[in-house]
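Subject: Structure handover

Dear colleague,

Please find the structure below, with the sequence alongside. Notes on what was found in it follow.

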Amino acid sequence: CLSLCLSLCLSVSLSLSLSLSLSLSLCLSLSLSLCLSLSLSVSLCLCLSLTLSVSLSLCLCGHCKKLSPDFEKAASRLKGTVQLAKVDCTAHSETCSRFGVSGYPTLKIFRNGRDSAPYDGPRTADGIYHYMKKQTGPDSVHLKTEEDLQTFINHYDASIVGVFSGADSSHLSEFLRAAGLLREQFRFAHTVDLKLGEKYRVSSECVLLFRPPRLNNKFEDSVVVFTDYLTIGSLRRFIRDHIYGLCPHMTVENRDRLRVRDLLTAYYDLDYHHNIPQSNYWRNRVMKVASKYSGRGLTFSIANKKDFLSELEEDFGLGTSDGGELPFVTLRTKLGQKYTMREEFTRDGQSLERFLDDYLAGRLKRYIKSEPVPERNSAAVQMVVAESFDDIVNDPDKDVLIQFYSPSCAHCKKLEPVYRELADTLYSDPNIVVAKMNAVDNDIPLGYDVHGFPTIYFAPAGRKDEPIRYEGGRELRDFLKFLKREAGRSLALSESKDEL
């Protein structure tokens with residue numbers, strides 16, 4: 001544990017090349033180059049290396065357990081380059097509190113012993129590895145020759161290259177600042193030789209966005225030129241609007257960035273590492289349809305169905321045999337509404353066009369993941385599923401306290417007696433409902449932000465579009481005080497208790 005820092009530090013010399021291994025409670029080990037303090041503080045008991053990723057977690061948290069194997073694999077692959085560490089927040093609550101940790105797991109990036117930035121990248125082993133690898137090296141690679149340029153842009157991912165007239169260019173300084181802010185998401189390089197831009201029909205300072213060579217197609221340009229006035233904001237907007245093109249390859253790593261818009265995705269056996277022609281065969285058919293529907297508020301993408309099998313099964317009810325060798329198509333709106341194309345994907349694209357026409361005309365029925373509606377629901381704590389959410393929680397005449405829980409969550413189980421006592425106490429009040437919903441096996445409705453368990457909201461009568469997140473204590477009196485305040489009235493309490 002961190003208290004061992006005292007004995008370890010005393011045996012370390014001031015040589016930065018020395019390394020020690022420190023065990024963090026029940027979690028991963030942390031390799032230290034130099035321990036700077038005897039404090040039980042993560043930021044001070046870290047090393048002098050450039051980059052460190054720290055996971056702050058509760059060891060009983062389901063999300064933490066899910067992340068742990070990928071975090072360990074990434075730590076092994078990054079050994080000697082980037083150090084990864086874990087802190088158990090149940091054992092070191094003061095440390096986690098000092099860094100503003102309120103949900104689990106929370107990942108932070110430390111540079112030179114200081115909290116540099118929150119980690120907002122993917123949470124798979126490959127994703128963590130590639131994300132943290134980007135934290136090493138320069139923000140932007142300096143390209144000196146045509147060979148340097150071709151080597152840089154011949155990459156699996158897109159490339160952003162700034163072309164400038166000299167090292168003293170004010171636009172270059174702004175470009176480098178932008179690269180420093182956006183390096184975690186995109187690849188940057190620059191040159192101070194304008195001749196390197198001539199091949200792309202530019203003769204003055206500009207920024208070139210090269211889409212990945214594997215995604216070259218006849219429907220759009222493979223290189224996009226940015227010639228507007230260069231600021232961090234204008235470059236960010238340019239990259240956002242052009243980086244993915246008409247039909248990007250969605251991966252586990254970039255899916256969150258793509259899903260900020262309404263997104264249609266065709267899933268099939270896609271493999272850009274070993275079979276580019278076959279991967280692009282179906283993509284070209286999607287792109288042909290996408291080109292007809294541009295400007296209709298939809299984004300199109302393709303994905304390897306093997307990478308999303310569990311998500312497709314959990315979120316769309318699609319099994320591994322659905323679609324066969326043909327792509328199967330889903331549509332997810334930015335608000336979380338979900339649709340699936342049940343008709344077989346045809347090579348001429350006509351079935352996809354019919355699906356889009358039905359969606360745009362409002363004729364499609366949404367897919368909702370839900371447990372069966374309980375046949376009996378007479379207990380004090382009402383059991384809610386996705387299919388019954390509107391009937392119970394969105395009842396316009398009722399105040400409803402709804403708990404989103406996970407069956408495996410230890411904190412949810414600890415809360416259960418208090419929550420049941422609360423429901424029993426309010427059972428005689430006809431205007432309030434105490435309810436709970438399994439957030440793992442049911443879709444979470446729009447307007448409810450649930451990332452950890454338990455998460456509790458109050459849906460007031462007459463204002464169902466304004467649910468209020470409960471952030472108070474976990475004792476009966478805390479809940480009653482909150483409900484009285486938000487309901488704006490006295491509560492009728494059972495068991496011969498007076499009104500509160």
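To begin with the rings: the structure holds 20 aromatic pairs, where rings of Phe, Tyr and Trp (its six-membered ring) pair if their centres lie within 6.5 Å, and planes under 30 degrees apart count as stacked, over 60 as edge-to-face and the rest as tilted. One of them is edge-to-face because the rings of Tyr 119 and Tyr 131 have their planes at 65°, with the centres 4.5 Å apart. That pair links distant parts of the chain, twelve residues apart: Tyr 119 is in the loop between strand S6 (114-118) and helix H4 (125-133), and Tyr 131 is in helix H4. Helices (H or I, at least four residues) and strands (E, at least two) are DSSP runs, numbered from the N terminus. Tyr 119 is buried at a relative accessible area of 4%, and Tyr 131 is buried at 6%. Here buried means under 20% relative accessible area, exposed over 50% and partly exposed in between (1.4 Å probe, protein chains only).

Tyr 448 and Tyr 457 make another edge-to-face pair, 4.9 Å centre to centre with 80° between the planes. Both of these tyrosines, Tyr 448 and Tyr 457, are buried. Ring pairs also join Tyr 419, Phe 458, Tyr 470, Phe 479 and Phe 482 into a cluster.

Two rings have a charge over them, meaning that NZ of Lys or CZ of Arg is within 6 Å of the ring centre and within 35 degrees of the ring normal. Arg 214 lies over the face of Tyr 272, 4.9 Å from the ring centre. Lys 436 has its charged end over the ring of Tyr 405, at 4.5 Å from the centre.

Before the rest, the provenance. This is a predicted model, in which local features need pLDDT of at least 70 and side-chain atom pairs count only at pLDDT 80 or more, while totals for chains, interfaces and linings use all residues. Residues are numbered from 1 along each chain as its sequence is written, and side-chain values use heavy atoms, with hydrogens and water left out.

As for the chain overall, its secondary structure comes to 14 helices and 20 strands. Of the 500 residues, 47% are buried. Taking contacts (heavy atoms within 4.5 Å) between residues at least 6 apart in sequence, 65% join residues at least 24 apart. The chain exposes about 25,200 Å², of which carbon and sulfur atoms supply 49%; the areas come from the Shrake-Rupley method with a 1.4 Å probe, and for residues only the protein chains shown count as cover.

How many disulfides are there, with a disulfide taken as a pair of cysteine sulfur atoms within 2.5 Å? The count is one disulfide, and it joins Cys 89 to Cys 96 at an S to S distance of 2.0 Å. The torsion about the S-S bond of Cys 89 and Cys 96 is about -85°, so this disulfide is left-handed. Cys 89 is buried at 4% relative accessible area, and Cys 96 is buried at 2%. Two further cysteines can be noted here: Cys 64 counts as buried at 7%, and Cys 247 is buried at 0%.

In helix H11 (residues 350-360), the buried residues are Ser 351, Leu 352, Glu 353, Phe 355, Leu 356 and Tyr 359. Their cover includes S12, helix H9 (276-292), strand S13 (299-304), S14 and S15. Gly 362 follows H11 and has a positive phi near 75°.

Last, two backbone points in loops. The peptide bond from Phe 453 to Pro 454 is cis, with omega near -10°; Pro 454 lies in the loop between strand S18 (432-438) and strand S19 (455-459). Arg 201, a residue other than glycine, has a positive phi near 65°. Arg 201 sits in the loop between strand S9 (187-191) and strand S10 (206-210) and is exposed, with a relative accessible area of 81%.

Regards

Key
Disulfide = S-S within 2.5 Å.
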